[in-house]
Amino acid sequence: MSIVKRLSTTLISRIDNLVGDIENHEALIKAAIDEQKKKIAAAKIQLRKIKVSETHTVERLEAEAERTLKWQQRALKEAEHDESKALLCLQRRQKGLEQQAKLREMVAEYRVTRERVAQDVAQCEGALKSLMQKHELMRARQSSVDAMSAINETGGADFDHLQASFDRWEIRLAQGEMGDRELDSIDLLEQEYRADENDQVLRLQLAELIQGQQSLSE
């Protein structure tokens with residue numbers, strides 16, 4: 001497994017392990033997505049470096065092939081009148097062929113590495129796109145849940161407030177009614193006392209009248 005794949009697998013595994021334990025899922029997933037973006041960006045930079053190195057190696061291979069061909073042509077030209085010099089040219093040609101073989105191996109290795117990294121980057125970008133889409137979906141669902149919660153909380157708060165107002169109103173009415181009944185009781189009691197006192201006054205007056213009448217009779 002390549003480094004980019006391992007990083008991606010580790011990241012996704014970390015999200016799966018922690019998402020159930022952390023309250024703020026939004027912040028966790030956003031941080032993970034940002035981290036994945038940075039890693040993909042770093043992988044793309046590395047991919048560009050590989051491409052540059054591959055291109056440079058191909059250019060070296062082409063230049064070496066041209067030099068090798070020239071040494072071969074020189075060897076053929078010198079073979080007619082200077083065999084020793086022709087052999088030296090062939091030695092240079094042989095070294096050129098060996099250098100070409102090494103450069104071809106390097107080009108092949110760069111090509112394999114480039115294709116593998118490019119494939120890994122594409123897979124990571126696909127996984128990142130999927131994560132971002134799921135993130136947006138979850139954010140939309142969370143917004144809906146938050147909106148409904150706000151509506152329910154607001155509605156409940158208003159109902160409780162109104163119910164409390166009704167309760168306070170009823171208490172005040174009950175207190176007022178109790179006060180009225182108490183006043184009514186006090187008035188009745190006062191009336192009773194006044195009636196008794198009035199009766200006593202009338203009895204005194206009656207007694208005085210009787211006594212006065214008796215005095216006249218005597």
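Me: Which helix does Lys-51 lie in?
Reply: Lys-51 lies in helix α2. Helices here are DSSP runs of H or I with at least four residues, strands are runs of E with at least two, and both are numbered from the N terminus.

Me: How far is Lys-51 from Thr-113?
Reply: Their C-alpha atoms are separated by 9.5 Å, and the two residues are 62 apart along the chain.

Me: What sort of model is this?
Reply: A predicted one, in which local features need pLDDT of at least 70 and side-chain atom pairs count only at pLDDT 80 or more, while totals for chains, interfaces and linings use all residues. Residues are numbered from 1 along each chain as its sequence is written, and side-chain values use heavy atoms, with hydrogens and water left out.

Me: What is the mean pLDDT of the protein?
Reply: The mean is 78, and 71% of the residues reach 70 or more. pLDDT is the predictor's confidence in each residue, from 0 to 100.

Me: Which element has the lowest mean pLDDT?
Reply: Helix α1, residues 3-18, has the lowest mean at 57. The highest, 90, belongs to helix α2, residues 25-78.

Me: How many helices and strands are there?
Reply: Three helices and zero strands. Read from the N terminus, the order is α-α-α.

Me: And what share of the residues counts as buried?
Reply: 15% of the 218 residues.

Me: Salt bridges next. How many is the count?
Reply: Six. The rule asks for a side-chain nitrogen of Lys or Arg within 4 Å of a carboxyl oxygen of Asp or Glu.

Me: Which residue does Lys-44 meet in a salt bridge?
Reply: Glu-125, with 2.4 Å from N to O. Lys-44 is in helix α2 and Glu-125 in helix α3, so this pair ties together parts that are 81 residues apart in sequence. Lys-44 is partly exposed at 33% relative accessible area, and Glu-125 is partly exposed at 32%.

Me: What about Lys-30 and Asp-34, how far apart are N and O there?
Reply: 3.3 Å, in a salt bridge between the two side chains. Lys-30 and Asp-34 are separated by about one helical turn because they are four residues apart in helix α2. Lys-30 is partly exposed, with a relative accessible area of 43%, and Asp-34 is partly exposed as well, with 30%.

Me: Which residue does Lys-39 form a salt bridge with?
Reply: Glu-35, with the closest N and O atoms 3.1 Å apart. Both lie in helix α2, four residues apart, about one turn of the helix. Lys-39 is partly exposed at 24%, and Glu-35 is partly exposed at 26%.

Me: Which residues are linked in a network of salt bridges?
Reply: Glu-54, Arg-111 and Arg-114.

Me: Switching to the surface. Which residues gather in the patch of positive charge?
Reply: Lys-70, Arg-74, Arg-92 and Lys-95. Patch residues have over 30% relative accessible area and no salt bridge, with like charges joined within 9 Å and nonpolar side chains (Val, Leu, Ile, Met, Phe, Trp, Tyr) within 5 Å.

Me: Which helices supply the positive patch?
Reply: α2 and α3 (83-217) each supply at least two of its residues. Lys-95 is placed in helix α3, and Lys-95 is exposed, with a relative accessible area of 57%.

Me: Which residues make the negative one?
Reply: Glu-192, Asp-196, Glu-197 and Asp-199 gather in that surface patch. Glu-197 is found in helix α3 and counts as partly exposed at 47% relative accessibility.

Me: And what makes the nonpolar surface patch?
Reply: Phe-166, Trp-169 and Leu-173 make a patch of about 340 Å². The areas come from the Shrake-Rupley method with a 1.4 Å probe, and for residues only the protein chains shown count as cover.

Me: Where is Trp-169?
Reply: In helix α3. Trp-169 is partly exposed, with a relative accessible area of 48%.

Conventions
Lys and Arg count as positive and Asp and Glu as negative; His and the chain ends are not counted. The place of a charge is taken as NZ of Lys, CZ of Arg, CG of Asp or CD of Glu. Buried means under 20% relative accessible area, exposed over 50%, partly exposed in between (1.4 Å probe, protein chains only).
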